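User: I would like to learn how to read the confidence, the fold and the salt bridges of a model like this one. Could you take me through them in turn?

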Amino acid sequence: MFNKLKKLFMDKQDQETNDKYILVPENEISETLKRDIVRLEEVGEAYCKSLQHKYRNKFEREDKQNLKIWVCRDIDGDQLPNLSSEQCLEKEYRSQVGINFDGFTDEEDAYVHYIQLWYYFSGYFKGTGTLYDLSQNHLEADIEEKLEELLNQL
């Protein structure tokens, strides 16, 4: 499904600029897409858990404490307490893999870096979605790349 959407809805310029994402017009947003988004977020959560375990000691050796990698969700910037992937078809819903360290507490919503998974932008007249293309990219490798980049900074 991801390849089909990518071929149908991305022009060559957009594809060259950011081939990690599929642009989904509002009229293609459906329950089938919702299942794909839920699956993507579940895969992201599994990678977050394993990579946090794998990288925690590496970050601590570099004096970067409290590494946290998680799938964070918001609607129009508001991180609601019971927000889940089940609400992914609500306008302005966004999910991303967030990465943070050094003094982070669970009450804070700031993070050092993120990889966007899904964003449903409502727009003035029409909405559109932006979906991480799991069929053409490897989310775990993208997260690890960001972690290595953060490890090598400063």
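Analyst: We will go through confidence, then the fold, then the charged pairs. This is a predicted model, in which local features need pLDDT of at least 70 and side-chain atom pairs count only at pLDDT 80 or more, while totals for chains, interfaces and linings use all residues. Residues are numbered from 1 along each chain as its sequence is written, and side-chain values use heavy atoms, with hydrogens and water left out.

User: Where is confidence lowest in the chain, and where is it highest?

Analyst: pLDDT is the predictor's confidence in each residue, from 0 to 100. Where pLDDT is low, the predicted coordinates should not be read in detail. Here the chain has a mean pLDDT of 84, with 81% of its residues at 70 or more. The lowest confidence falls in helix 2 (residues 12–17), with a mean of 41, and the highest in helix 3 (residues 31–61), at 96. Over residues 1–17 the value stays under 50.

User: Which pattern does the chain follow along the sequence?

Analyst: Helices (H or I, at least four residues) and strands (E, at least two) are DSSP runs, numbered from the N terminus. In this chain there are four helices and five strands, arranged along the sequence as α-α-β-α-β-β-β-β-α. Of its 154 residues, 42% are buried, a term that stands for under 20% relative accessible area, with exposed meaning over 50% and partly exposed in between (1.4 Å probe, protein chains only).

User: How many salt bridges does the structure hold, and which parts does the one between K20 and D142 link?

Analyst: Side chains of opposite charge can pair when their charged atoms come close. A salt bridge is counted when a side-chain nitrogen of Lys or Arg lies within 4 Å of a carboxyl oxygen of Asp or Glu, and the structure holds eight. In one of them, the closest N and O atoms of K20 and D142 are 3.1 Å apart. This pair links the loop between helix 2 and strand 1 (21–25), where K20 lies, to helix 4 (residues 139–152), which holds D142, 122 residues apart. K20 is partly exposed at 29% relative accessible area, whereas D142 is buried at 10%.

User: What does the salt bridge between R73 and E41 tie together?

Analyst: R73 and E41 meet at 2.7 Å, N to O. R73 belongs to strand 2 (residues 68–75) and E41 to helix 3, so the pair ties together parts 32 residues apart in sequence. R73 is buried at 15% relative accessibility, as is E41 at 1%.

Definitions and conventions. Contact means heavy atoms within 4.5 Å.
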